[in-house]
Amino acid sequence: MAAPNSMAAPNSMAAQNNLAAPNSTVLVTGGAGYVGAGLVPRLLARGHRVKVLDLYLYGDRVLAAVADDPNLEQIRGDIRDRAVVAQALAGCDAVIHLACI
């Protein structure tokens, strides 16, 4: 059953299939944290479009090595803000939740 505001997570099997296909759009919450800083460049190298939603508590330069990649969209925001999350989810095929881990 979908969440009341249509922000339900995608079916896990469908999400796995989407990540296997290049050119999918992946939202990485917490993508500028310790794990995300390693994962985001790998997703980009595999041909994915990546949206990072993060507070950037460790600074703006965490993803400096890939900041100019046209397939990267960096969104400064808080996952507790439903409007920001809804906007970030638009057009995404999969979500990797790394925020607050």
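A: The face of H2 turned away from its buried side carries the exposed residues Tyr 34, Arg 42 and Ala 45. Exposed means over 50% relative accessible area, buried under 20%, and partly exposed in between, with a 1.4 Å probe and protein chains only. The model is predicted: local features need pLDDT of at least 70, side-chain atom pairs count only at pLDDT 80 or more, and totals for chains, interfaces and linings use all residues. Residues are numbered from 1 along each chain as its sequence is written, and side-chain values use heavy atoms, with hydrogens and water left out. Helices (H or I, at least four residues) and strands (E, at least two) are DSSP runs, numbered from the N terminus.

H2 spans residues 34-45, and its buried residues are Gly 36, Val 40, Leu 43 and Leu 44. These lie on the same side of H2, because they cover an arc of only 95 degrees around the axis; the arc is that of the directions from the helix axis to the C-beta atoms. An α-helix has 3.6 residues a turn, so residues three or four places apart point the same way.

The cover over the buried residues of H2 includes strands S1 (25-29), S2 (49-54), S3 (72-76) and S4 (94-97), where contact means heavy atoms within 4.5 Å. Just after H2, Gly 47 has a positive phi of about 95 degrees. S2 is largely enclosed by the rest of the structure, because five of its six residues are buried. S1 and S2 pair in the parallel sense over five bridges; pairing requires that DSSP finds at least two bridges between two strands.
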